[in-house]
Amino acid sequence: MIKFTLGIIYSTFFFLGLHNFFDKPAGPAVAPPELTITPFSGPEVTPSPACLAVAPTGEVFVGIDMIGSLGKDPGKGRILKLIDQNNDGKMDQHVEFATVDNPRGIIAKGDQVFVLHTTFSKETGKATGMALVVFEDKDGDGKADGPSKPLIENLSNTKYIQERGTDHATNGIRMGIDGWIYIAVGDFGFHNATDRSGKKLTMLGGGIVRVRPDGTEMEVYTHGTRNVYDVAIDPYMNVFTRENTNDGGGWNVRFSHHIQSGEYGYPLLFQHFTDEMLPALADLGGGSGTGALFMDEPNWPEKYNNVPMMADWGRSMLYIHRVTTDGPTFTQKEEDFIKLPQITDLDVDGSGRLYLSAWDGAGYSGSPTKGYIVRAVPKNWTYKEFPNLTKASVKQLAELLKSASAVARLSASQELISRPAKQTAKASLKVASDQELPLYARVAAIFTYAQAMGENSIPALVQLSQDESIREFALRALTDRKNYLEKVPVEPFLSGLKDPSVRVQAIAAIGLGRLERKDAAAALLQTKTPASFVAPEKDIEGPHATPNSAIVLPHLAVQALVRMNAEEACIAAISTENSSLALWALRYMHSKKTVDGLISAYNQSKNENVRKQILITLSRLYRKESAYDASWWWGTRPDSHGPYYKTELWESSPAIESFLIEESKKAGINGKPFFADLNERHRMDIAAFAVAEKLAAAEEPKVDLEKIKNKKGQVGKSSIEDVLLAIAKLEGDPVKGKALFTSQGCIACHSINKGEKMKGPFMGQVGSIMNREQIAESILKPNASISQGFATVMISAKGDKTYMGFITEETATKVVMRNIAGEVFNIKAADILSRKEMDTSMMPAGLANSLSYEELASLVTFLSQQKK
């Protein structure tokens, strides 16, 4: 597929690890009556459209991807430029703009087109990584003038792209009004991504990275998401995503508000350390989020405007999320909007034309006969030509900053910063200072001014920060660029921490973290932790997708304290009313000074609760995450125990171990469970605290699937078509279906309840993802298409041992595998010689052969009711 670095298949079609949905696209586009949908281009021109972008003037750039998410052969991708010359909603001219493989994101800006795509070696034909590049068309012939210029290289994990294709890799790109390009990174992460300045960056896992349009100043914006495919950015720089998190553990699509510097927890904090992360705003059930857009165009109906629009490939639906301010963040309500078969992307031009791309059943590796583009416009829409900005004066461009159109404001802003800086500065500052103008206009002007003037913008931005109506944005602009932070005064941010607006407080905390001034630590430490700052009970999954606005400010304060490495201030605060926040921050500060300070504070404290929290903090510091070198990754079904994935000891580990053992001796027999729990919770692996490990589900009864499938009944004697027609007319009895789920062997490989040990694909929500016919087809045709992450795996290990099954758990040190008979094997990672995914499903065909039509209908009905 495409944007399926979002793990598209897991959550969408994880039933038995397979599906045949590609043969059954969801049908034509269906939209509200206020809109008109027009077929724009078909598969003869735009097959397998993975992404698209629209220029303000209406030219549509489409990324054609005949590799898809699982293909590995290069030479099958391109960027097409489509033109609707008479504005009737149908493409009447197209040209191949450039050739690239696996296009995953596009931005059209003037004569530049930014593209995110997979790179391949000409010599070996193998993937070498992903890159953000820019093409130019200076002569206006609709074709790139020459080769692209790389802005960021190595923007994904080469090892896993080669092994698995672009699934889970890096995806959509979008520019904010601040001029940064925001990049959606799937949980492949990346190693040694390199920007144009030579700066290198490594990230284990997913999140959002941003970079300037010239390819410099690359930095992490947020971290801790799974497969996020694209970003929606509103006029006030609120960033929203619809990311996929289903890997068989019952976790679903999540809608998130991304706050700069935030840690969103996947997978290491996702279960047992949810108090430390920023939660998603909603768990939305099964699906696979793809393209995203914040719609802000004046000629759109009010009910469909000023909203994030989120495509979901798995549900074949474009959703609207109604967001409502909740302190420094939001709450949301999801609404169906436009139905489109396997929708991949969307974008809008300066005239209000919304374009959407449909994969339409093109399969995992693309199809030359599937996929198309449609145009959506409001009823009674009339075309209005977008002005040629290169011919506009600075005064005219400044007027466009006041436009109610987000497309117009962004386009004008980008054109203005290419003009003489003094002229742009004067014009944009005038708009930013005008208190009679709408907030969106002043915000656009603030960021335009900051980009045009660079460090010379500091005095005026400080002055603008005195205006309470735009303080948040002036403060954000002051610390937006790291290359002149040393000249930015700290006082406006210290004042911002006490501002009546919690949004200003949040921006102030973020800004202080970027300034890295340790003298601000004392002010940050005064941030209160809420009652919701409570670690989940042992073996209980915490709330990782429940809005919690109260946790945002302390979370940001902790991130800032860690960034400025404020060890001394945090240690000093242990004995004060701010100890909770201080100890939270110290969990991440692996230094001898921290450890010595914690031990000293423990010995001086008379408060038993504080002493207990210090022990917890020291145990957390015993190990640290190994530096990521791209030779390993956590796989599609990650170890979510946390707080680390691949750990190592460090210089203060012996001192921590000695101290904890001594304290456990003092505590005696009554204190033994506490230290044993610390050992397990933080994965210290200290022998003195160890307890015997329990093997996973080794005692479960074996199921003879061969015996089951060899029985012949009504289903086994009929064609699949006849079976599907029959059960469509039968209601089925879910009570009987539940019994059949066990007797037919389904229970050997699938769990129904979240509390059960995960085996193969989780079945507890299949009814919210697939209809009865699709479920039946998946049972009858198990090899039609195997879900990513649930393929049969063959492992060869030392001692001439071979294992075949699916992975139920994977850590940095072991793999837990379950075979078709239900047997469980714990295999040391160090013993694995080879590992290969098989082309066939582990589920044998024919398990339903012995059933009557009525029995199969009952089983299907039971499964269709699983919507947890």
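P643 sits in the loop between β27 (623-625) and β28 (647-649), and the peptide bond joining G642 to P643 is cis, with omega about -5°. The model is predicted.

**Backbone geometry**

- Most residues other than glycine have a negative phi, and most peptide bonds are trans.
- A cis peptide bond also runs from Y266 to P267, with omega near -10°; P267 belongs to the loop between β18 (254-258) and β19 (282-283).
- M237 is not a glycine, yet has a positive phi of about 65°.
- The loop that holds M237 lies between β16 (232-233) and β17 (239-243).
- M237 has 2% relative accessibility, under the 20% cut-off, and therefore counts as buried.
- N306, another residue other than glycine, has a positive phi near 55°, and is placed in the loop between β20 (289-295) and β21 (307-312).
- The relative accessibility of N306 is 46%, so N306 counts as partly exposed.

**Nonpolar cores**

- The largest nonpolar core has 107 residues, of which L524, L561 and I614 touch the most other members.
- This core lies between domain 1 (35-251 + 287-378) and domain 2 (589-700), because both domains give residues to it.
- Leaving aside residues up to four places away in sequence, L524 touches L497, A509, L512, A557, A560, L561, M564 and L581.

**Helix α4**

- Helix α4 (residues 406-416) is largely enclosed by the rest of the structure, because nine of its 11 residues are buried.
- The buried residues of α4 are V407, A408, R409, S411, A412, S413, Q414, E415 and L416.
- Among the strands that these buried residues pack against are β6 (101-109), β10 (170-175) and β24 (343-348).
- Helices α3 (394-400), α5 (421-433) and α6 (439-453) also pack against the buried residues of α4.

**Helices α8 and α10**

- Helix α8 (residues 471-478) packs with helix α10 (residues 502-515) at an angle of about 10°, and their axes are 9 Å apart.
- The two helices, α8 and α10, are therefore roughly parallel to each other.
- On the α8 side the contact is made by R471, E472, L475 and R476, and on the α10 side by R503, V504 and I507.
- By class, the contact of α8 with α10 has four charged residues, three nonpolar residues and no polar ones.

Note on methods: Residues are numbered from 1 along each chain as its sequence is written. This is a predicted model: local features need pLDDT of at least 70, side-chain atom pairs count only at pLDDT 80 or more; totals for chains, interfaces and linings use all residues. Side-chain values use heavy atoms; hydrogens and water are left out. Axes are lines fitted to C-alpha atoms, for helices over the stretch in contact, and angles run from 0 to 180 degrees between N-to-C directions. Helices (H or I, at least four residues) and strands (E, at least two) are DSSP runs, numbered from the N terminus. Angles under 35 degrees count as roughly parallel, over 145 as roughly antiparallel, 65 to 115 as roughly perpendicular and the rest as oblique. Contact means heavy atoms within 4.5 Å. Ala, Val, Leu, Ile, Met, Phe, Trp, Tyr, Cys and Pro count as nonpolar, Asp, Glu, Lys and Arg as charged, and the others, Gly among them, as polar. A nonpolar core is a set of buried Ala, Val, Leu, Ile, Met, Phe, Trp, Tyr and Cys residues joined through side-chain atoms within 4.5 Å. Buried means under 20% relative accessible area, exposed over 50%, partly exposed in between (1.4 Å probe, protein chains only). Domain bounds come from an automatic or database domain assignment.
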